[in-house]
Amino acid sequence: MNASCASCTRSGRPGVWEGAYPRSRPAPRSRSTAAGVRGGPRPRPAPPHVTRSDMVSPPPGAAAAAAAARAWLCVGPAPRPLMGSQGGLGPPGNGGPGEGESGETRKLQEGRAARGKRRKGKGKGKAGAGQGGRGSGAEGKPQPPQAKEAAGLGAEAGERAGLGKVGEGGGSVEEGARRIVRGDEGSAGARKEAKGRYDGKKEEWRVRTGQREEARPARAQGRGCQAWGRLAGTGAAMAAAAEEEAGAREPAGRPAAGPALLRLPEELLLLICSYLDMQALGRLAQVCRWLRRFTNCDLLWRRIARASLNSGFTRLGTDLMASVPVKERVKVSQNWRLGRCREGILLKWKCSQMPWMQLEGDSLYISQANFILAYQFRPDGASLNRRPLGVFAGHDEDVCHFVLANSHIISAGGDGKIGIHKIHSTFTVKYSAHEQEVNCVDCKGGIIVSGSRDRTAKVWPLASGRLGQCLHTIQTEDRVWSIAISPLHSSFVTGTACCGHFSPLRIWDLNSGQLMTHLGGDFPPGAGVLDVMYESPSTLLSCGYDTYVRYWDLRASVRKCVMEWEEPHDSTLYCLQTDGNHLLATGSSYYGVVRLWDRRQRACLHAFPLTSTPLSSPVYCLRFTTRHLYAALSYNLHGLDFQTP
């Protein structure tokens, strides 16, 4: 057996030395391969540097082998060898030229088939090259090559039987060539698919890192297009996610499809939703983003807010807090209705005081002894900056009462004087107004009215050139505890101690100082009025020693109040405050009790005791906003936070 046969016996494959070429090494292109095989096994060549292009592109010799096989099929079988030929195993000079070329071609084809089968066996049937031969790796393991029957069988038959077997061998070579061509095409498809998968992963990485580059369609052919399809699907999913995120940030548009309710004009939909209550609107907002945006409209919540407690709307429908969304105010109003709040102490004093306070914007003005201090609220509104913004002095005794009007502070002191302070400057004027302490003062429309313990009420101008000039002096025949000017600036009301035989509530003409009317006629002796306030030009509220809060409507009757609320513990009511609609707050004389009332009900809504037994104190003054309530007691200033209970 010659060297070729020995090498075939070792490898189990005819005419191919086992391990002669690495898996990715290109096939030889010259005839030296056949000569080297014939002369015996040569040293294993060092594997070349394998690059990415070698892995994904077909070997250079594959195209030449396929072209040779196709050319042979077109021309026909090889010419008949001469007598004494060895079937093309010898050198070209030993046999005919045609036979030498035929043997070399068969060797080349057999090598190609063997290498292709090894690649297919390693691929475990993933590529489409399984169509090239039965043992090409469809089951995932190499099988005996069928190309031996196609090409090598003809050569061996030529050696044993001579000329008579060449025709049969020619037929086998033709069939083997067809299979080789199919195998080469399958191998090329497998390589293209692997290259497509690699390119797809690389492009996906580029998309994720923001370094997307233009796709190269020519590099993804055959089955590699599937990888590009998967990549396109991934990119579409990422784009859809980005659009959804952008849509969440932007206001939602009206749904294109859905129930017929969503396709109605907005004006008609507003009319329908205006009949829904607060719970129904809240559930409707959970349907979709468009309805959530739609239900945030102030027009839908305005009717609900006007029926809620302390929502910023007056009884006439005036919005006092237009800058705050109505829906947010309705949410906070539920805390007022349920009595949910957080209590805190804003200021403390070392000695007992009778403080009075006023609110203006983000500032709080409170009297302590003979001073008036201005504090600024912190952003949460539940606490104050410890350092006051300003201190206003001028009285020799305690400040009994003060009001804010036209950037001025008008104060009444126990020294019988009235002080006028400009808020944003150091301008201060004080003048003697009464013989005894001035218990109350009010200022509207450039007119100041004051009431004193000396049983008089006086009218003063606020004009800078006429300060201290009394316009009218009114003999009330009783000590004046409270006073208020009408919103029309045409009259004012006084609340007295009720020690005479006349009503403690009387209305006086502001221009002439004449008595206009009495309010009520069945007050018991000593039922003095400690606080009175106008709610509208024709309605007012009063409270005092008789433990009642009374609501008066001048259009209905001046002899009898239209509604009254009694303090449950028969305590004197020192002060009151209203939101102009349904909420009413009062301060009692014992234990610092603050009560909330719903004017649509008779009973008290909630009570908040702010002091304990050893420190029992009246609530001398209280003020509230839509979110907080502030109560001034003898030793401290309390705050109730209804926004974050």
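How much accessible surface does the protein chain have, and what share of it belongs to carbon and sulfur atoms? I get about 32,800 Å², with 53% belonging to carbon and sulfur atoms (Shrake-Rupley method, 1.4 Å probe).

Ground rules before I go on. This is a predicted model, where local features need pLDDT of at least 70 and side-chain atom pairs count only at pLDDT 80 or more, while totals for chains, interfaces and linings use all residues. Residues are numbered from 1 along each chain as its sequence is written, and side-chain values use heavy atoms, leaving out hydrogens and water.

**Whole chain.** I find 13 helices and 28 strands (DSSP runs numbered from the N terminus: helices are H or I, at least four residues; strands are E, at least two). Of the 645 residues, 46% are buried (under 20% relative accessible area; exposed is over 50%, partly exposed in between, with a 1.4 Å probe and protein chains only).

I followed an open antiparallel sheet of 4 strands, ordered β2-β3-β4-β5. β2 (357-360) and β5 (390-392) are the edges: each has a single partner strand, so one side of each lacks a neighbour in the sheet. Strand β4 (residues 371-376) pairs with β5 in the antiparallel sense over 3 bridges (pairing takes at least two DSSP bridges). Across that pair, I see Ile372 opposite Phe392 in β5.

**One residue.** I looked up Met516 in strand β17 (residues 515-519). Met516 is partly exposed, at 48% relative accessible area. Beyond its neighbours within four places in sequence, Met516 contacts Ser491, Ile507, Trp508 and Asp509 (contact means heavy atoms within 4.5 Å).
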